[in-house]
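Dear colleague,

Please find below the structure that I am handing over to you, with its sequence. A short account of what was found follows it.

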Amino acid sequence: MTSTLLESQSPPGTSAPSTSVPSTSQPGASQPVPPAQDLAEAFRAAMSALAAPVTLVTCYDELGRPRGLTASAVSSLSLAPPLFLVCLDRTSRTHDTLTGAEDFAVHLLGPGEEHLVKRFMRPAEHRFDGIPLAADSHRAPVIRDASLTLHCVRHDVLEGGDHTILVGRVTAVGGEPAHSGGLLWHRRGFAHARRP
């Protein structure tokens, strides 16, 4: 469950010593509590089994340069008003730019748009090299080749553990939802959700 899709391989770590706590089911008995590192690895593995949408989140920095990152921890939040949330890894180089931007765009990608995600594997300052922007990119950079885009104004910024929850109020939708979306991140790779 990370905002950067392709950072799925966790660094090796050392296990903390096991501790025990009294069991609520058997008075006086104790059961081992998994070390924090083991729990983190188990949680990460469980989340890899949860298929998540693949998105690109973009904005302009204070110098007017396009910036963006991949995000899979995203969700609709409210219909009235229309709100959408994106969870941003605090260690991302684009974190502060996105949380400080008044406007941002969320690109909901579909099968065949994997190449756009791969372009975002580049260093932050080169992710938009050679990527054409749409004509309505004056408030936030909108990738012309993306099939579905949410235009958002920053509504709120909340803390969420090692992530920041960026909530945007949707002001416009670009593209055709009936024929868009469906690119997923599942078990550390791309998957497709298709309807006949």
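I would begin with His-95, which lies in helix α2, spanning residues 95-100. Please note that the model is a predicted one. His-95 counts as buried because its relative accessibility is 8%, and buried means under 20%. Setting aside neighbours within four places in sequence, the contacts of His-95 are Leu-88, Asp-89, Arg-90 and Thr-164.

Strand β6 (residues 74-78) and strand β7 (residues 83-89) pair in the antiparallel sense, over four bridges. The two are joined by a hairpin through four residues. Within this pairing, Ser-75 stands opposite Leu-85 of β7.

Strand β6 also holds Leu-77. With a relative accessibility of 47%, Leu-77 counts as partly exposed, since that class lies between the 20% and 50% limits. When residues up to four places away in sequence are not counted, Leu-77 touches Leu-83, Phe-84, Leu-85 and Val-167. As for Leu-77 and Val-167, they are 90 residues apart in sequence, while their C-alpha atoms are 8.3 Å apart in space.

Finally, a word on cysteines. A disulfide is a covalent bond between the sulfur atoms of two cysteines. With a cut-off of 2.5 Å between sulfur atoms, the count of disulfides comes to zero. Cys-87 is buried, as its relative accessible area is 16%, and Cys-152 is likewise buried, at 2%.

With kind regards

Conventions
Residues are numbered from 1 along each chain as its sequence is written. This is a predicted model: local features need pLDDT of at least 70, side-chain atom pairs count only at pLDDT 80 or more; totals for chains, interfaces and linings use all residues. Side-chain values use heavy atoms; hydrogens and water are left out. Buried means under 20% relative accessible area, exposed over 50%, partly exposed in between (1.4 Å probe, protein chains only). Contact means heavy atoms within 4.5 Å. Two strands pair if DSSP finds at least two bridges between them.
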